[in-house]
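Here are my notes on the model, point by point. Please keep the structure open while reading.

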Amino acid sequence: MKLRNMRGTRAAVLGTAVLSVTALALSGCGVGGGTNGSPSDELTVLVEGGGLAELQPIADLYKEETGTTIKLVELPYDGLYDRIQTELGSGSVSFDIAALDAIWLSAFADGVAPLDDLFTDDVKSDLFPGLVSEAQVGGNYVGMPIFTNSEILYYRTDLFNDEKNKSDFEAEFGYPLAAPTTWAQYTDVAKFFTRDTDGDGQIDLYGTDVKGAVETEWLATVSQAGETQMVLDPSSGDVTIDSAEHLEALDFYTSLLPYAPAGASQLDWAGAQNLFYQGNLAMMRFWGHAYTQTPDDAAVKGNIGAAPMIAGPGGVAGVPGAWYLSVPTATTKQQEAKDFIAFAYENNELSVDTSLGLVSRISAFESQANVEGRENYPAILATLNSPATFARPATPKWQEIVNTVLTPMLQKAVEPGADNAALLKDAKMQIEAIIQ
């Protein structure tokens, strides 16, 4: 799907080429928001494709229990951002609630109402720490998470369970073959499975991929290295991207290139996913929702294992990929909007059986423990619960930093002869110029 939590390509986070998003035709001059004469028993919610899928069963139940219609208006990622930006800036909105990508919260914080009264101790205790901190901008909670995601480790169980592979791996590396948990183990396994499987002299199976066209996976590696302020510290304005941990992360990230297909600088989420589905990769670090969305004709169908994200010196870490519900200050239905958001939180578990199958509450993830077909849930849960998992910096300049600095830097880093330390120093200067 096109959730830009995995940005880099606009067909990624969650997919990443999993769901197609088609903008729905809008009727009339508005779409039923709180300021344009919409019915009193209707709330309009602007959503991206994933938000619509996750919210539909909750909206249906809300209508059944309260009589209020929740009108979900689906827009493509860029269209959603532009619509919200334009209407919040004008002070006149056609919607009562908007689903916001986590990286938008800082940019739109001034135009949405505080939700502090919804964030009780009980609510916060059932949300991942990274989501609670991410929801707070300028001292106020500005969004309630509706679902979250993280990269986890995918691996081919047919390869890992093969007796010859297990014997050969232990003979070469001195420990049993299993889903890797550390950088060192991941490197060993990636090296072991990079091979010519049909004897024609050409490598046709790679241990892993290296994505140069998206930044989120490297950011997870930065946290795995032990960095607590990835890229920059929003509170002080200090740019940290040239720290020792950032360099260690970039060095590890690029050290995997010998065990990955060529063309890393152009590889994005969709490309990596296709390589794995076609059987060209033994392992892939990818967003957790994809576990249940493997195409029936995929070469690896039925042979995919899921495990928590790997750990570096700082521990297991991913990047939360969350979406939030926020209420524009300009709507005349603020209390009604908050009531629905509270209802959505209370009934978060209904999103388990949607196309993405993603939720935001810890208890909702835990409810799927030992459920067949939900083996990805414990992996997501463990990754998001890790103390080393941090949200991306809360700055309205984040998307610009990603587009103009981080992704281009990674594309250079995965090319032969790259000087990682020099690339990070240059990136620091560019980011300082953006945020000054």
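1. Five strands make up an open sheet, in the order β2-β1-β3-β12-β6. The pairing is mixed. β2 and β6 are the edge strands, and each pairs on one side only. On average, neighbouring strands of this sheet are turned by 30° against each other, direction ignored. This is a predicted model, so a word on confidence comes next.

2. The mean pLDDT of the protein is 91. A score of at least 70 is reached by 91% of the residues.

3. Which strands does β12 pair with, and in what sense? β6 and β12 run antiparallel, with three bridges between them. Here Phe147 has Trp323 of β12 as its bridge partner. β3 and β12 are joined by four bridges and also run antiparallel. Ala99 stands opposite Leu325 in β12.

4. In a regular strand, side chains alternate between the two faces of the sheet. β12 (323–326) is covered on both faces. Trp323 and Leu325 are buried on one side. Tyr324 and Ser326 are buried on the other.

5. Two helices to check against this sheet are α1 and α2. α1 packs on the sheet and touches β1, β2, β6 and β12. The direction of α1 makes about 170° with that of β2. Helix α2 (residues 77–90) packs on the sheet as well, touching β1, β3 (97–101) and β12. The direction of α2 makes about 125° with that of β3.

6. Does the length of α1 agree or disagree with its residue count? The helix covers residues 49–66, which is 18 residues. At 1.5 Å a residue these should span 26 Å, and the end C-alpha atoms are 25 Å apart, so the two values agree. After α1 comes Gly67, whose phi is positive, near 85°.

7. The buried residues of α1 include Gly49, Gly50, Gly51 and Ala53. Also among them are Leu55, Ile58, Leu61 and Tyr62. The buried residues of α1 pack against β1 (42–47), β2 (69–74), β6 (144–147) and β12, and against α12 (334–346).

8. A three-stranded open sheet has the order β8-β7-β9, with antiparallel pairing. β8 and β9 stand at its edges with a single partner strand each, so one side of each has no neighbour in the sheet. From one strand to the next, the twist averages 35°. Strand β7 (residues 151–156) pairs with β9 over four bridges, in the antiparallel sense. Tyr155 has Gly305 of β9 as its bridge partner.

9. Helices lie on this sheet too. α8 (residues 183–193) lies across β7 and β8, at about 125° to β8. α11 (residues 269–277) packs on the sheet and touches β7, β8 and β9. The direction of α11 makes about 135° with that of β8.

10. Is Ala290 buried or exposed? Its place is the loop between β8 (283–287) and β9 (304–307). Ala290 has 3% relative accessibility and therefore counts as buried, the cut-off being under 20%. Not counting residues up to four places away in sequence, Ala290 touches Tyr154, Gln273 and Tyr277. Ala290 and Tyr154 are 136 residues apart along the chain, while their C-alpha atoms are separated by 9.6 Å.

11. Helix α15 (residues 398–413) has a kink of about 30° at Leu406, shortly before the proline Pro408. Its buried residues include Trp398, Ile401, Val402, Leu406, Met409 and Ala413. Among the elements covering them are α2, α9 (216–224), α10 (244–255) and α16.

12. The last point is Asn420, in helix α16 (residues 420–435). Asn420 counts as buried because its relative accessibility is 9%. Leaving out residues up to four places away in sequence, Asn420 touches Leu247, Leu250, Asp251, Thr254 and Ala413. Ala413 is itself one of the buried residues of α15.

Notes. Residues are numbered from 1 along each chain as its sequence is written. This is a predicted model: local features need pLDDT of at least 70, side-chain atom pairs count only at pLDDT 80 or more; totals for chains, interfaces and linings use all residues. Side-chain values use heavy atoms; hydrogens and water are left out. The expected span of a helix is 1.5 Å times one less than its number of residues. Buried means under 20% relative accessible area, exposed over 50%, partly exposed in between (1.4 Å probe, protein chains only). Contact means heavy atoms within 4.5 Å. Two strands pair if DSSP finds at least two bridges between them. Axes are lines fitted to C-alpha atoms, for helices over the stretch in contact, and angles run from 0 to 180 degrees between N-to-C directions. pLDDT is the predictor's confidence in each residue, from 0 to 100. The bend at a residue is the angle between axes fitted to the seven residues ending there and the seven starting there.
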